[in-house]
Amino acid sequence: MKNAIETKNLTKKYNNFTAVNSLNLDIPNHSIFGMLGPNGAGKTTTIKMLTCLIQPTFGQAIVGGYDVQKNPDEVRNLLGMVPQQVSLYKDLTVMENSQLCADYYGVPQDERDSRIEDLMELVDIKYAKDKRVGQLSGGQKQKASLVASLVHRPEILFLDEPTIGLDPTTKRTLWDLIRELNDSGHTIILCSHDMHEVDMLCDNVGIINTGNLVAYDTPQGLKDSLLESNKIEMKEALDKISEENEVSTSTKEDIENLSLIKMSFLLKNQNDEIIDAIKKSSDVESIEIDHNGRINLRIDIFDDMAVQNVINDINSAGGIIKSISTEEPSLEDVFIKATSEVNEDDRA
Ligand SMILES: Nc1ncnc2c1ncn2[C@@H]1O[C@H](COP(=O)(O)OP(=O)(O)OP(=O)(O)O)[C@@H](O)[C@H]1O
Ligand SMILES: [Mg+2]
């Protein structure tokens with residue numbers, strides 16, 4: 001099996017409303033897959049079908065080689081799930097919940113408690129192991145849920161917004177844990193609204209919008225294709241300008257927004273003369289100085305030498321550069337573009 005997950009026209013309808021629309025998605029074995037999409041896009045519904053919590057209306061899903069409808073028990077045995085809403089027993093302690101999970105999955109008795117305690121230490125929840133889940137804080141519940149879902153060392157792990165509400169330190173611990181699990185061969189499916197998290201962790205990313213898969217690629221592939229499509233759109237906008245005598249403000253704005261490479265400089269000896277030189281630099285489309293004194297520029301994305309040219313112009317005007325940063329399109333830019341075209345009827 002090359003893929004941990006394969007879906008064919010996977011569809012979920014609630015009465016007349018289509019929450020997931022004919023999804024065809026392959027997730028390679030041993031990879032980390034990130035699922036992005038606006039609220040209500042169908043991410044949790046997809047995960048629920050893949051983890052046998054709800055039945056698809058049409059289509060097929062194969063998880064770990066098993067059909068979710070024909071072999072749900074086999075599927076359940078090889079997966080772990082950290083749901084969006086923590087689903088532990090409120091009246092049981094953190095320890096008891098984990099033990100229950102371990103017993104359900106047939107974890108050997110002699111290993112059970114030590115495995116649980118190791119995981120508790122890893123996510124730093126051991127201090128609350130005898131507290132009832134109903135008495136935990138949001139982040140503590142999330143940690144307890146993680147321990148319970150990992151205790152049987154699932155081959156395929158589904159994490160539905162696992163870092164929401166976690167403090168920055170715990171977030172990092174969880175990211176490390178996800179990487180470690182992946183290194184040791186586990187496939188991870190991660191739903192998240194945290195673009196940085198997805199960009200950093202995932203091998204592949206799928207963007208779902210109103211139940212449809214609207215993009216699927218590596219994070220870098222998605223960013224590159226945005227740059228490409230912006231270049232095409234920018235070219236079209238420029239062609240429009242050459243056809244029209246009067247250039248509308250909106251066309252001008254369109255072009256400005258498409259020149260996505262942003263650069264910023266901090267100079268040691270900033271003065272009006274140097275700023276003027278930057279303004280005159282042929283590749284600079286706009287310039288703005290922020291409250292920290294950083295000079296933020298937008299430069300032409302067509303010109304490979306643009307960055308070098310601006311640096312040369314600053315140097316020629318006597319400017320001494322303390323720091324430079326350039327900003328490529330982010331996954332957030334890709335997300336916003338991929339999900340911007342929404343048919344309001346599809347969201348009802
Ligand atoms: N049990 C249900 N009955 C009817 N409609 C539902 C049900 N569960 C989900 N939906 C609808 O299906 C759509 C997709 O919901 P889903 O929970 O999959 O979104 P999501 O992508 O996980 O969003 P979020 O980012 O907010 O978690 C939503 O419009 C939601 O209202
Ligand atoms: Mg959800």
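Two strands count as paired if DSSP finds at least two bridges between them. Keep that in mind as you explore this predicted model.

**Stop 1: a pair of strands.** Select residues 3–14, which form strand β1, and residues 17–28, which form strand β2. These two run antiparallel to each other and are joined over eight bridges. Now click on Asn-3: which residue in β2 is its bridge partner? Look across to Pro-28. Then select Lys-13, and you will find Thr-18 of β2 opposite.

**Stop 2: the turn.** Follow β1 into β2 and you pass through a hairpin with two residues between the strands. One to highlight here is Asn-15, whose phi is positive, near 50 degrees.

**Stop 3: the whole sheet.** Strands of a sheet are held in pairs by backbone hydrogen bonds, either parallel or antiparallel. Here, four strands make an open sheet with antiparallel pairing, and their order is β2-β1-β4-β5. At the edges sit β2 and β5 (66–67), each pairing on one side only.

**Stop 4: the ligand.** Select ligand 1 and show what surrounds it: Tyr-14, Ala-19, Gly-37, Asn-39, Gly-40, Ala-41, Gly-42, Lys-43, Thr-44, Thr-45 and Gln-84. How do these shell residues divide into nonpolar, polar and charged? Three are nonpolar, seven are polar and one is charged. To finish, color helix α1 (residues 43–50): this helix gives the largest share of the shell, three residues.

How values were computed: Residues numbered from 1 in each chain as written. Chains lettered and ligands numbered in written order. Predicted model: local features only at pLDDT ≥ 70, side-chain atom pairs only at ≥ 80, totals over all residues. Near = placed C-beta within 6 Å. Nonpolar A, V, L, I, M, F, W, Y, C, P; charged D, E, K, R; others polar.
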